[in-house]
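The notes follow the order in which I checked them.

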Amino acid sequence: MSNTEKINLLNLNRAGLEGFFVDLGEKPFRAKQLMQWVHQRGVTDFAQMTDMSKELRKKLSQKACIAFPIISSTQQSKDGTRKWLLSVDGTENAIECVLIPEKSRTTLCISSQVGCTLNCSFCSTGKQGFNRNLTTAEIIAQLHLVHHGLLREGRKQGVTNVVMMGMGEPLLNFDAVMAAVDMMCDDYGYALSKRRVTISTAGVVPAIKKLNQVTDVSLAVSLHAPNDALREQLVPLNRKYPIRELFDACRVYIDGRKNRKITFEYVMLKGVNDSLAHARELAKLIGSIPCKLNLIPFNPYPYAIYQCSDTTTIDRFRETVSSKGIITVTRRARGEDIDAACGQLVGQFKDRSRRSQKYQIELEQIGKISHAC
Ligand code: SAH
């Protein structure tokens with residue numbers, strides 16, 4: 001049997017693995033053993049799983065595999081940020097994940113899709129179009145490769161926090177993302193507390209409601225504008241799910257979860273959403289929900305139509321919102337020299353949505369690039 005016909009066990013959370021072992025005629029507790037080997041010890045060779053009988057190990061190698069995307073390249077920024085480019089379909093498609101080491105934590109920013117369908121006007125991933133959803137295996141593999149890579153380098157601690165803020169919209173790949181989140185938080189997996197796993201969404205309202213039923217992870221919402229008229233220009237999804245509906249869903253998510261806050265993200269775009277009037281309108285809007293606000297200085301990329309707001313404008317914006325009692329921080333750009341900052345993750349893939357082509361034509365029309373490009 002080739003690897004493509006075998007079951008990739010990275011696709012299965014604990015419940016899935018229990019079902020797999022029962023189908024093999026084994027006891028469900030084998031799932032915990034397998035998870036400890038794979039996710040906690042980083043052992044992926046069945047032959048080394050010595051608390052399972054030789055016969056079972058043989059059966060596993062016949063029916064199953066533990067298959068990873070291939071690391072095509074790694075880069076390290078001068079600020080310590082590291083980026084991995086992972087091939088997911090032979091050489092055709094690649095995705096990126098980014099590690100952000102800080103004093104008190106080590107955060108991994110994970111991708112959920114090859115490209116993105118949402119086309120937010122300031123995000124370079126969106127400009128590349130969309131190819132497909134990632135599988136659970138491809139999502140959890142990002143954590144496995146980086147976490148165990150760090151431990152093999154001799155570091156005491158691997159990844160401590162995960163943010164689903166890489167390429168793609170995690171809530172549009174709901175089931176695969178949730179199965180991967182299960183493994184991140186499982187005591188036999190990476191045992192991360194749900195507070196340390198953040199799902200970031202542009203505002204897929206029905207999926208936020210569904211998320212509320214099935215998990216307790218931290219929720220970040222990419223808001224970027226204090227009113228519908230402006231948000232529609234920046235986040236086209238707002239036409240489908242306007243701010244009022246989004247906020248109703250956020251309120252339900254936060255209700256009954258003690259000491260939890262929604263994180264609102266707000267990209268600072270010069271002359272677009274960064275005036276003091278915007279800051280006041282924003283404070284009034286988000287002040288009605290337990291929340292904190294992250295201001296993200298816009299990260300440029302080739303042919304971007306926006307510029308980042310000036311530092312003094314960002315400072316004044318932050319002070320205006322904080323003066324209304326809302327915790328507001330300006331996120332420091334990390335890994336800019338290796339294009340690893342928010343919205344700069346593009347991977348390499350075949351666009352099936354034709355959006356990259358349309359974008360090329362738009363740029364030609366506004367004279368940003370010539371045909372030669
Ligand atoms: N689709 C999800 C997660 C991916 S984007 C979401 O929208 O939340 C992760 C964050 O980076 C989002 O807040 C996104 O709006 C922001 N972002 C995208 N492009 C950016 C850019 N060029 N500069 C700064 N932040 C950007």
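**Pocket lining**

I sorted the lining of the largest pocket by class and got 20 nonpolar, ten polar and eleven charged residues. The classes are: Ala, Val, Leu, Ile, Met, Phe, Trp, Tyr, Cys and Pro nonpolar; Asp, Glu, Lys and Arg charged; the others, Gly among them, polar.

I note that this is a predicted model, where local features need pLDDT of at least 70, side-chain atom pairs count only at pLDDT 80 or more, and totals for chains, interfaces and linings use all residues. Residues are numbered from 1 along each chain as its sequence is written, and side-chain values use heavy atoms, with hydrogens and water left out.

I read the volume of the largest pocket as about 1100 Å³. Of its 41 lining residues, Arg105, Val163, Met165, Asn294 and Arg331 are the closest to the centre. Strand E13 (residues 291-297) gives the most to this lining, four residues. Helices (H or I, at least four residues) and strands (E, at least two) are DSSP runs, numbered from the N terminus.

The search used a 1 Å grid over the protein atoms alone: in a cavity a 1.4 Å probe fits but cannot get out, while a pocket is an open set with protein on both sides within 12 Å along at least five of seven lines, and lining residues have an atom within 4 Å of a point. Points are joined across faces, edges and corners, and a volume is the space filled by probe spheres set on them.

**Cavities**

I counted two cavities of 30 Å³ or more. The second largest cavity holds about 40 Å³. Its lining has eight nonpolar, one polar and no charged residues. Helix H2 (residues 30-40) supplies the largest share, four residues.

**Rings**

How many aromatic pairs does a search of the whole structure find? I got five, pairing rings of Phe, Tyr and Trp (its six-membered ring) with centres within 6.5 Å; planes under 30 degrees apart are stacked, over 60 edge-to-face, the rest tilted.

Phe20 and Phe21 are edge-to-face, at 5.3 Å centre to centre and 75° between the planes. Phe20 is buried (under 20% relative accessible area; exposed is over 50%, partly exposed in between; 1.4 Å probe, protein chains only), at 7%. Phe21 is buried at 0%.

Phe247 and Phe264 are stacked, at 5.2 Å and 5°. Phe247 lies in helix H9 (residues 243-254) and Phe264 in strand E12 (residues 262-268), so the pair ties together parts 17 residues apart in sequence. Both Phe247 and Phe264 are buried.
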